[in-house]
Amino acid sequence: MPDHGDGGAEVSVAANRRNDAHLSEPRRAGIVSAARALPRTSLPSVASVVTAVAALYFGREVFLPIAIALLLTFALVPMVSALKRAGIPRLPAVIASVLGAFTVLALFSFIVATQVSELAQNIPLYQANILTKVRSLKETGVGGGIVSRLSRVIERVGQELDRPEPAQPAADQPPREPIPVEIVARERPLEVLQNLIGPLLSPLASAGLIVVVVIFMLLEREDLRDRFIRLVGYGDLHRTTEALQDAGKRVGRYLLMQLVVNIVYAVPIAIGLWLLGIPNPLLWGLLALALRFVPYIGPVIATLLPLFLALAVAPGWSLVLWTAGLFVVVELITGNVIEPWLYGSRTGLSPLAIIVAAIFWTWLWGPLGLVLSTPLTVCLVVLGRHVPQFEFLDVLFGNEPVLEPHARLYQRLLAGDPEEATDHAEEMLEEEYLVEFYDKVAIPALLLGEQDRVRGVLSDEQRQQVAGSALTMVANLDDSAQEEAEADDTAAAEDNGSREDKHVQGEVQGEEYTELPDGTGMSVLCAGGRGELDDAAAAMLAQVLEVQGATVLRASFAEIEPGSIRRLELDAVDSVAIGFLNRDSVKHGRFLVRRLKRAKPRLRVGIVLWSEADSDNQEADARLANEINADFVAHGMVGAVLGALSSAPPVALKTTAKRRMRRLTPARKKEPLAAAK
């Protein structure tokens, strides 16, 4: 009789494919629920945002002093705590800290005002140098230069506008002689005093109000903290307390470290300007210290003012160049050495968030809002990090990644951008090995694509685009894989491959090492199971095996179909690894194992059921491998490499007992009847 074993297997495989392609709703729900749930961030309504911004804008006379007082409170809390630890009571410690801080601010303002007054008196002395430079600029053009032409045009237009119309005298009246008029200003002493003191009343009143608020905030700090917790976080004391401590430490550390950085920046600026002969170097040093609190544009403003003065005090251009060089060198040293050393990126804000926050707070509260923009935004980010209702603030302005690495990679693959996916991979490969990147990031990204395919939201075109982008990324990482293989060879030659030393090192560092076997002299065929995404996962496994020194062949899912599997060149192949991103493809994997072992009985064939975490249940894997007649069953990249490069003998193909239906002849059917008679 003819052998129907393969034909029955083909029919069952076709049935399995139909079942996989048309999963029932409960099965789809189970697969979707198994996907990693990403956090959802709820955005506030437009009305609430508009209301909050309008309140801050129209109530800036109230909110601005409170905001300044709050930030000064954060900055002075460490000083008050230090005085209290020294044995000074709370009230004297608070008063001493506040008076000391505002005395420094007042002294700073007095020195700046004095220096500005002195500079204003000396400006006429620099007029000759300014005119000389303007004249030299005018002489650089041909035929009088563009500057002179523009100046003549402007001068003529101004003269024409200022020229009065001549009055036409009447014929019968002689022209009158002009009468001299003398205007005598008669102001009362009270009005003079009011004109002098009036502009100063508002700043002095605001400063006094800020001082009082800071004192009471420092005195009632614990009580205000308790009231805030009772108001917004009584149901979760742990989270609210952590948020308050994080905000206080982050803002206080930022203000203190920024002050230290600015002082370190201002001192060499003042000394350098003094050595160069720039007038009022103390003024420019203090302005550099203050303006550097303004993000990005503050140092630029602090540089332009001394440059203009250098332009005025010397007839040549060398002083301007030396001044510009001084600011550039000090800024580079401060930004690349001092700042990372002292606080790095502890503010928790992204660079774009700092710029956007500066624009927003400047529009809202003017120049003071620009100075306060960074610490205020830090407070908002801390609030969003610990309070779920304000999580969108941390997402918008924080500097931490908002997407997990595998989700970010899948988004790039789905968008058809393999170049950015490669950049993302190379950044991770600076700290991790290729096998770790594929196991922790790339395979989970493909699993997200498989889950979308099962849910029916990934079209055929998108599936092919994800697979094509993943294959392009793998090809782009060939250089990194080659460098890693060469580095492993060098390390093995230096270390003699001592496993005991590696085990001790792993224990010291608190990590577990899995030493991958050497694949030199072995040939492995990596194949995708049932689709383009499986082919991409097989390409990743093939690249890892090449790093281990194995000779690797690749086959697509179409090349191991029933009609094509006999055409595979398996003579020089030692083992085959077939990967499935869909875990419901075990029956199809069993069919492929049997077909391959029939094509070459001494071939090791294993199944890789890709998952986000490698399975540690070796008994279940061994039982499954026995059921499907496979040499190994793996769930992750490490297990797949260990199984593919194993030197264990292949498992023999089990023969299935075929039950043959015995045909009953009419004579045999009548025998029981005859016996009964």
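Trainee: What makes strand β4 mostly covered?

Mentor: Buried means under 20% relative accessible area, exposed means over 50%, and partly exposed is in between, with a 1.4 Å probe and protein chains only. In β4 (residues 604-609), 6 of its 6 residues are buried. Both faces are covered: R604, G606 and V608 are buried on one side, and V605, I607 and L609 on the other. Keep in mind that this is a predicted model, in which local features need pLDDT of at least 70 and side-chain atom pairs count only at pLDDT 80 or more, while totals for chains, interfaces and linings use all residues. Residues are numbered from 1 along each chain as its sequence is written, and side-chain values use heavy atoms, with hydrogens and water left out.

Trainee: What is called a strand or a helix here?

Mentor: Both are DSSP runs numbered from the N terminus: helices are H or I with at least four residues, and strands are E with at least two. On that basis the protein has 26 helices and 5 strands.

Trainee: How do you know that β3 and β4 pair?

Mentor: Two strands pair if DSSP finds at least two bridges between them. Strand β3 (residues 575-580) and β4 are joined in the parallel sense over 6 bridges, so they meet that definition. As one example, G579 has V608 of β4 as its bridge partner.

Trainee: Why is P367 called exposed?

Mentor: P367 has 68% relative accessibility, so it counts as exposed. The residue lies in helix α14 (residues 351-386). Its C-alpha atom is separated by 9.2 Å from that of V294, 73 residues apart along the chain.

Trainee: Why does N280 count as buried?

Mentor: Its relative accessibility is 7%, so N280 counts as buried. N280 sits in the loop between α10 (237-276) and α11 (281-291). Phi of N280 is near 55 degrees, a positive value in a residue other than glycine. Most residues other than glycine have a negative phi.

Trainee: Why is N629 called buried?

Mentor: N629 is at 4% relative accessibility, so it counts as buried. The loop between α24 (618-627) and β5 (632-634) holds N629, and its phi is positive, about 65 degrees, although N629 is not a glycine.

Trainee: How many of the contacts with a separation of 6 or more join residues 24 or more positions apart?

Mentor: Such residues account for 75% of those contacts in the protein, where contact means heavy atoms within 4.5 Å.

Trainee: How is the protein's burial summed up over its 677 residues?

Mentor: Of the 677 residues, 37% count as buried.

Trainee: What makes the lining of the largest cavity partly nonpolar and partly charged?

Mentor: Ala, Val, Leu, Ile, Met, Phe, Trp, Tyr, Cys and Pro count as nonpolar, Asp, Glu, Lys and Arg as charged, and the others, Gly among them, as polar. The lining is made up of V77, V80, S81, K84, R90, L218 and R221, which divide into 3 nonpolar, 1 polar and 3 charged. A cavity is a set of points on a 1 Å grid over the protein atoms alone where a 1.4 Å probe fits but cannot get out, and lining residues have an atom within 4 Å of a point.

Conventions. On a 1 Å grid over the protein atoms alone, a cavity is a set of points where a 1.4 Å probe fits but cannot get out, and a pocket is an open set with protein on both sides within 12 Å along at least five of seven lines; lining residues have an atom within 4 Å of a point.
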